[in-house]
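We will go from stop to stop together.

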Amino acid sequence: MVRNKTLGSRTFEIANIIVLGLLLISCVYPLWYTFCVSISDKSAANAGLVTIFPIGFSLSPYKEIINDRLFFNSFWISIQRTVLGTGFSLLVTVLMAYPLARPKKDFKMRNTFMWILVFCMLFNGGLIPWYLTIQNYHLLNTIWALVLGGGVPVFDVILIMNFFRNLPKELNEAAVVDGAGPWSILFRVYIPCSIPVLAAVALFLSVYHWNEFFNGLVLMNTSDKYPLQTYIQQLVVNMPVGTNLTPEQYKKLSELSNRTLNSAKVFIAMVPMLIVYPFLQKYFVSGIMLGAVKE
Amino acid sequence: MKRNMAMLLSVVLLGLSLTACSSSKDSSNDLKASSNPDTSSEAPALSGDDLAFSKFPKPVDVHIGMAVDPTDKTLPEGDSVSNNQYTRYLKEKYNINVIVDWTAATGNDFKQKVSLTIASGKLPDGMVVDDRSFMTKAASSGLLYDITDLFQQYQSSQVKDIMASTDGRAMENASYKGKMVSLPNITVDTDGVHVLWIRKDWLDKLQLPVPKTTSDIEKTAKAFIDNKLGGDKTIGIAGPSKNSFPYSTFLLSSNNMGGFDPIFGAMDAYPGYWLDNGDGSVSYGTLTDNTKKTLALLADWYKKGLIDPEVGTRDNVGDPINANQAGIFFGPWWNGGYGNGDSFKNDPTANWQAYPVYSDDNKWNAHMKTTGSTYTIISKNAKPDVVKAILIMNNALVRDEATFDLSVAVGWYPLRNVMAAANETEYEYAELLKVLKGETQPEDYNKPNSLYKLMYADAKKVKDVIKAPYDDLNVSNFSTANFGDFQRLYSIMIGDRPFTTIPIDKKVYSVTYNQTPTMETKWANLKKMEDETVLKIILGQAPLDSFDKFVKDWKAQGGDEITKEVTELLKK
Amino acid sequence: MRKLGHQKHYYLMLLPGMVWLVMFSIVPMFGIVMAFQNYNPGAGLFKSEWVGWANFKYMFQLNDSKTVILNTFIIAVGKIVFNLLVPLIFAILLNELRSLRYKKLVQTVVYLPHFLSWVIMSTIVIGIFGYYGVVNTVIGMFGVDPKLFMADAGIFRQLLIGTDVWKEFGYNAIIYLAALTGVNPNLYEAAAIDGANRWQLIRRVTLPALTTTVVLLGVLSLGNVLNAGFDQVYNLYNPLVYSTGDILDTWVYRLGLQNLQFSLATAAGLFKSVISFVLIFISYRLAYRYADYTVF
């Protein structure tokens with residue numbers, strides 16, 4: 001590649017490096033900021049004075065977390081939920097994507113089912129009927145409410161379906177000639193060919209399950225059943241509405257406003273995602289590309 | 001394909017029948033509960049306090065939903081929300097088994113859970129809700145037990161006295177359409193009287209007098225900031241957070257830490273209250289000219305940098321106060337002591353003192369609160385024994401709270417309902433002073449079933465916490481060795497001093513402290529409009545003139561209709 | 001015919017998913033009737049009083065509904081537009097980088113915020129935009145007075161859109177970067193030999209390679225014009241910014257779970273569903289007609 005090194009070109013390159021560098025910093029800053037607050041002096045952190053560097057130094061939040069049974073409990077629930085929920089949804093999603101990827105001449109009802117799916121994706125009866133239904137299934141306060149609540153992500157079904165559709169038709173035909181049925185075609189031919197998109201979907205699902213807080217709040221009855229994000233949410237976002245507190249509640253509240261401890265918890269909660277995603281990165285990039293863009 | 005549709009349909013029907021089935025079960029329960037409301041399982045010989053504290057012959061299961069504090073660390077290892085010193089006490093003394101169906105963190109999470117249980121129509125036997133609209137919604141949906149008769153039978157003499165101390169206001173508060181459907185919470189009157197809290201040590205440093213009027217406060221706040229008494233980022237006056245309000249209202253009429261209630265009072269303005277105009281008409285306090293003038297004053301202070309620049313967006317009112325950045329804030333008696341514990345921990349010389357704020361013609365005006373704002377509601381499906389058990393739990397707490405080991409937060413008491421005589425704090429202030437001066441002895445207060453349930457316990461420890469001289473109490477008179485005791489006694493002796501010792505010139509009550517029928521659908525919208533307008537004017541984000549538009553909109557969008565309803569109430 | 005014999009298996013494969021949809025999506029959908037009732041929890045869905053369209057009429061009488069719909073629309077459209085453009089620009093800039101290691105590093109790091117939940121991001125955003133936060137510190141260096149970003153209704157929407165774009169731009173750029181890897185390097189060389197400068201290269205080679213993707217993504221996001229992002233708003237807003245920051249989803253949430261107006265909340269939710277459904281349908285047709293793309 002031949003490019004003229006004009007002055008303008010050089011300026012552009014340097015500017016470009018700087019701009020991208022700033023973006024890079026802005027994306028690392030959240031981690032750094034949270035970490036700084038977590039090790040700063042408590043009053044300075046509460047007053048919102050920490051910006052770029054920690055003020056003071058204290059590891060006491062981390063010491064406190066080590067003894068926090070509920071925190072680790074929630075952490076463990078989130079891991080369970082993420083593993084089970086991702087596994088369940090991935091299986092169901094793949095099973096649905098395959099028949100739906102068949103052309104209409106192979107599978108007559110395909111379009112009907114597709115529209116049912118889209119309909120379900122868009123319409124819902126609202127939070128309260130949904131809650132009542134889960135209550136009637138006696139799933140409240142069990143991890144299954146969280147696992148099943150994620151259920152069938154229609155968007156991911158579409159993604160995998162499009163990927164399947166783009167696989168060479170010969171694959172299917174050759175297998176049929178060999179006498180393979182739909183099940184073995186799916187499991188022996190399609191799935192091995194679709195690792196990138198499946199990895200991408202697995203990542204979507206686990207990000208969803210790891211980050212979701214609202215179902216945890218609504219469907220779990222006691223805090224020892226909360227997943228991690230719900231546990232954190234009740235500490236950092238849920239604040240009692242001010243005016244009808246009793247003195248004792250208020251006293252507690254001032255302890256609740258504990259940014260250093262909360263930041264330490266937030267920081268620890270980020271870690272699993274940070275560990276997982278570099279490993280899956282190479283897959284999801286190609287997975288997203290192939291699933292969404294049809295050349 | 002047909003077969004498939006049939007299958008699909010049958011699954012749909014299955015799901016439907018599931019819901020149908022459970023709801024029909026409910027309604028049969030309804031019938032049962034209402035057709036034989038009083039099947040007592042015990043000998044009816046007992047009465048009075050014997051009945052009020054009777055032990056069940058067989059264990060009674062009480063299912064509850066409760067708010068918990070996610071940061072509380074006071075439960076000993078191994079104890080839980082459904083097994084702790086309080087539940088064991090109830091089991092041993094009264095044979096009551098508390099079963100906790102669900103918990104949620106105090107605040108929005110709890111409200112959300114309560115809403116969902118009300119929406120599902122399946123209430124636990126008992127829960128304590130912190131908003132009257134929850135109680136009325138449940139009552140109007142026919143979900144609540146009519147406890148009118150059982151309460152008369154089962155209330156202890158203490159509870160009866162406390163109820164009587166409110167002149168029937170508590171009973172009215174707890175009732176819906178003439179039936180008592182909840183246990184009211186009764187808090188001390190002084191919870192609704194907001195005073196000026198100020199760093200006396202800062203005043204002394206600058207040799208300033210205690211400010212009396214709004215213009216004094218302005219000068220003082222400016223002096224605090226100019227002299228950087230709280231460091232570079234000194235805040236003159238701390239204000240409400242994102243979850244609290246600039247003033248308390250008829251629905252939330254007390255405990256507004258960080259509000260500007262005393263400033264409004266000093267300007268003879270009572271926003272958020274329904275005012276009796278004395279001529280048979282009613283007006284809503286927010287709409288008055290005095291409110292507008294006060295808003296102009298506050299906006300001016302904000303512009304001059306006297307009020308916390310982050311007012312209205314902080315997570316917690318107490319943050320700048322506890323960090324000792326702020327020199328002035330407003331709130332009820334317990335805000336100094338209970339409310340700002342960390343301030344004393346961070347600076348043991350922080351001499352917070354409480355004073356009234358006077359109008360320019362030297363009057364102390366204060367709006368007064370309703371009896372209480374939480375309600376213990378009991379499910380219509382609860383068995384009569386369960387209802388009795390809940391009443392007994394309330395009696396027991398009122399009688400025995402002072403004897404509990406409070407190192408375990410009393411918030412863990414199941415269905416904890418605060419019932420205190422309306423003048424408890426004033427009584428304690430006066431009597432504790434006598435104890436300090438040796439005029440009375442702690443043992444003089446050892447009276448079982450006293451209306452003032454914490455008096456004896458406080459009398460015993462007051463001398464350990466407060467050192468002489470007793471005439472002019474400052475933070476230096478207090479020992480913080482037992483911080484919990486320090487906080488309580490500081491709040492009583494310093495925070496309640498204005499209300500106990502200085503007569504209020506003008507006490508303003510709201511015509512109603514409850515929602516009228518139209519409010520049930522329209523108030524949320526009007527309140528939102530009000531909150532936005534008021535905060536924006538204070539923060540200078542909207543011009544003062546937007547107030548007039550607000551008044552017009554408020555009236556047009558249901559305010560006039562509601563005013564009529566409140567006027568009707570006044571006629572009664 | 002053998003092929004038709006497979007249908008049985010296809011149904012079997014769809015079965016688990018369909019059972020789930022029926023149990024967790026279709027059964028709760030019967031709750032939609034609440035929107036046409038004055039729902040009374042004591043009476044239940046079957047015995048509550050029917051009120052026809054009254055809830056919808058009341059909803060549109062409320063000033064709130066107009067504000068909320070407008071906010072939702074502005075915020076969602078803002079997010080759609082900037083989530084298309086910013087990643088596009090970013091992808092182009094990244095494509096211009098010479099150092100492959102630096103490129104790889106930037107690429108890896110900018111995905112990061114996408115993986116953090118709004119529960120966590122909100123604590124960070126509130127900190128950064130706080131009165132003494134880093135943003136105020138930086139603009140303070142240029143002599144600008146500190147601002148209360150989180151309380152300023154005038155900029156709250158921009159803040160929502162900006163933080164969302166910031167959180168997602170790296171991730172959203174993946175698809176563009178993927179499309180760019182498909183560009184034949186010979187094209188650049190040919191153009192460079194013609195004497196094209198860098199800007200002309202971008203305009204003549206890079207951009208055309210991305211046009212289809214941009215158009216397609218734009219069309220597909222049509223269904224999102226009423227999705228302004230509950231998690232983000234719920235964790236960031238406060239009463240001071242309701243006038244510009246309150247969206248349909250948070251409004252429905254407050255109506256239902258704080259003000260106990262169950263029927264009104266369901267009506268508002270249904271309104272949103274219907275509009276979204278129509279829009280998805282339109283985008284499906286558009287994508288099919290103009291990009292020959294079958295979405296599903």
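Predicted model: local features only at pLDDT ≥ 70, side-chain atom pairs only at ≥ 80, totals over all residues.

Residues are numbered from 1 along each chain as its sequence is written, chains are lettered from A and ligands numbered from 1 in the order in which they are written, and side-chain values use heavy atoms, without hydrogens and water.

Start in chain B with an open sheet of five strands, ordered E2-E1-E3-E14-E6 with mixed pairing. Strands are DSSP runs of E with at least two residues, helices runs of H or I with at least four, numbered from the N terminus; two strands pair if DSSP finds at least two bridges between them. Strands E2 (96-105) and E6 (182-184) of chain B are the edges. Now select 60-68 of chain B: this strand, E1, runs parallel to E2(B) over nine bridges, and Gly65(B) stands opposite Trp102(B).

Next, show Trp274(B) and Trp554(B), a tilted aromatic pair with 6.2 Å between centres and 45° between planes. Rings of Phe, Tyr and Trp (its six-membered ring) pair if their centres lie within 6.5 Å; planes under 30 degrees apart are stacked, over 60 edge-to-face, the rest tilted. Both Trp274(B) and Trp554(B) are buried (under 20% relative accessible area, 1.4 Å probe, protein chains only; exposed is over 50%, partly exposed in between).

Finally, find Lys212(B) over the face of Tyr358(B), 4.6 Å from the ring centre, and Arg254(C) over Tyr242(C), at 4.2 Å. Here NZ of Lys or CZ of Arg must be within 6 Å of the ring centre and within 35 degrees of the ring normal.
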